[in-house]
Amino acid sequence: MDKDIRICIVGGGPAGLSAGMYLEKKGYENYTILERLDRVGGKCWSPTYNGRRYEMGAIMGVPSYYAVHDVEEFCGITHDGPQLNRNYKNSKGDVIEPFEPKKNILKIPRLLKMKKQVKKLGEILETKYKGYDVNGHRGVAQGRYDGFSQANSKREPVSGENPNLKDLCLPFNQFCKLNGVELTQDIWIGPFTSFGYGYFDEIPAAYVLKYLDFQTCMNFVKINLWTWKNGTQYIWEQLNDHLKHPARLGSTIEKVERRDGKVYVTVNGQVEEYDKIIVTAPLYIPGTRMDGQKGMVDYFDAREDELALFSKIDYERYDVQAVLTKPEDHPEISYYVFDNMVPEKLGHLMVYYRRWKDQIDQVITTYALRKHKNSKEIPYEECRRMVQEDLKVMKNPAREVINEWSVYYFPHVFSEDYAAGWYDKVEAMQGKYDTYYAGEVMSFGDMDETAEYSRELVERFF
Ligand SMILES: Cc1cc2nc3c(=O)[nH]c(=O)nc-3n(C[C@H](O)[C@H](O)[C@H](O)COP(=O)(O)OP(=O)(O)OC[C@H]3O[C@@H](n4cnc5c(N)ncnc54)[C@H](O)[C@@H]3O)c2cc1C
C-alpha cells in the first residue's frame, strides 16, 4: 500500500492510539485520530483524587501484555504501580479462604479434584486445542487457527487446521463439561465474571480462553500482575504525546460516506477526505445509551452486510462506582465476593478494589453487572442502590459516591452467531469499503488484546 495514503482512525482508546503507533512504525505517517471526548484512553480512565489517580476503567495487566509493552517501550515508561492483593468474602460479609484446604476440611475432595482439572485443562489447551490462544477469532468456527502466536513477545505468524477448536464456540460452562473440567470455572470466574465479562453459561469459551489463556489465568492466581502508578490512562496519554499526530480531541463525527474509493468524514461541521478508515469505536450499540454514545452504523453510510453482522453484537452493562468511606470503614484490602458472581445475584457487588494500601483517604471502586442474556436488565439506579447496600453488609459502607459510570463494556457475539462464522464474515469484509474494523469486539475487551489486534491489522493490511 502507498505509504502516503490518508488514514482516518476513529477512537483514541488503546486500539486507536496503538493503530497510530504501529502505522507510524511501518512508515505510514499520514494518519488522523479522531476522539469524541476531551481525553484519550477510552475505558482506561484514571481520574485524580487527593493527589493520586484511581481507576474507573482498566486496572491491571499481566507479563504477557506484549502490545502494551510495545507502547511502554515506545514511550519510555513502565508498569510502576502499587502491588495488587486481595481476599475473599461471602455474601454475608464474612472473610473466607475458599481455596485453603485447612479452612475448608469438608471441601478437600472438591479442591483436590479442582486442582487435577486445572492441570488437565492446561494440558488439553496445549494439545487438543492447539492454536486456541492466537489473538482474534479468525477460523475458529471452521476449526482453524490463523494469527500470531502469543507464546512470547516475538509473536510469530501461525496457522493450521484443528477441528477441535470448534468447541470454543460453546458457552464456557458447556465447553468445560464436554472436557470434564467443570471445576476449573471456580478459578476462571474471578478474573472473568467479576471483571464484567459476563457469565459462563452465556459467553463463548473462545472469549474466555483467548483472554484467560492458561498462563494469564495462572498469573492472576499468583497475583503476578502489572499496574501503573499514574493509572492505565497514563499509558495512553503517554502514547498520545509520543505520536507524530496526537488524537484530535472533541471530534464529533456527524457523517461518514464511502464512495469512489474515498472516505468523506464530516467532523465538527467540516468535511475531510481520506483514503481509508479504521474504526475502533463501537460498531453497534443496541437500544439507547444513557450517555448518547452511538454505534458506527448510526453515523456511517452503513451497508447491508455491515448492518446484518454488527446488529448481532451485544455488550455487558458493567457499573463502576468510586466511593469514599469513613476511616474506620475503609477495607484493609480488595475483596472478591464469589457468591455474587452468579446470574441469580445480578446487580450485586462482585468485587471492590482498594488501590492504595498506604492511604485510607482514597477511593474504593465497586463493580457490578446488571444484565444476563436470559434475564431482565436491572435498571442502573437499582443496581447502584444494591451495591451500596452490599457495601454495608461487607462492613465497608460508603459515605459518599464521588464518581460513577455505566460502561459500554465487552462487546461480543453469542455462541450461535460465533458458530455461524460471524468473525470470518467480518474478517472477509476488512478493507471492502476502504474500512477496517478493530477495537474490542474483534479480539477481546482488554487493553492488550485490542492493541494487539491493531498491531496485527496493520501487519496484515498496510
Ligand atoms: C471497569 C473496567 C475495568 C477494566 N479492567 C481492565 C483491566 O484490568 N485490564 C485490561 O487490560 N483491560 C481492562 N478493561 C478493558 C479495557 O479498558 C478495554 O478493553 C480497552 O480500553 C479497549 O480499548 P478500545 O480502544 O478498543 O476501546 P475504548 O477503550 O472503549 O476506546 C474507544 C474510544 O473511542 C472513542 N469513541 C467512541 N465513539 C466515538 C466516535 N463516534 N467518534 C470518535 N471517537 C469515539 C471513545 O471515546 C474511546 O476513547 C477494563 C474496562 C473497564 C471499563
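**Cavity**

I looked up the largest cavity and found a volume of about 30 Å³, a volume being the space filled by probe spheres set on grid points joined across faces, edges and corners. A cavity here is a set of points, on a 1 Å grid over the protein atoms alone, where a 1.4 Å probe fits but cannot get out. I noted that the model is predicted, with local features needing pLDDT of at least 70 and side-chain atom pairs counting only at pLDDT 80 or more, while totals for chains, interfaces and linings use all residues. Residues are numbered from 1 along each chain as its sequence is written, and side-chain values use heavy atoms, without hydrogens and water.

The structure holds 1 cavity of 30 Å³ or more. I listed the lining of the largest cavity (residues with an atom within 4 Å of a point): Glu202, Asp314, Tyr315, Glu316, Lys371, His372, Lys373, His412 and Phe414. Strand 13 (residues 314-324) gives the largest share, 3 residues. Strands are DSSP runs of E with at least two residues, helices are runs of H or I with at least four, and both are numbered from the N terminus. By class I have 2 nonpolar, 2 polar and 5 charged residues in this lining. Asp, Glu, Lys and Arg count as charged; Ala, Val, Leu, Ile, Met, Phe, Trp, Tyr, Cys and Pro as nonpolar; the others, Gly among them, as polar.

**Helix 1 and helix 14**

I then looked up helix 1 (residues 14-25) and helix 14 (residues 447-461), whose axes come within 8 Å and cross at roughly 35°. Axes are lines fitted to C-alpha atoms over the stretch in contact, and angles run from 0 to 180 degrees between N-to-C directions. On the helix 1 side the contact (heavy atoms within 4.5 Å) is made by Pro14, Ala15, Ser18, Ala19, Tyr22 and Leu23. Helix 14 brings Met447, Thr450, Ala451, Ser454, Arg455 and Val458. I recorded these contact residues as 8 nonpolar, 3 polar and 1 charged.

**Thr450**

Thr450 lies in helix 14. Beyond four places in sequence, Thr450 is in contact with Pro14, Ala15, Gly439, Glu440, Ser443 and Phe444.

**Met341**

I placed Met341 in the loop between strand 14 (334-336) and strand 15 (351-354). Met341 is buried, with a relative accessible area of 1%. Beyond four places in sequence, I found Met341 in contact with Ile189, Gly190, Thr193, Ser194, Tyr199, Tyr336 and Met350.

Terms used. Buried < 20%, exposed > 50% of the residue type's maximum accessible area, 1.4 Å probe, protein only. 1 Å grid on protein atoms, 1.4 Å probe; cavity = no way out; pocket = protein on both sides within 12 Å on 5 of 7 lines; lining within 4 Å.
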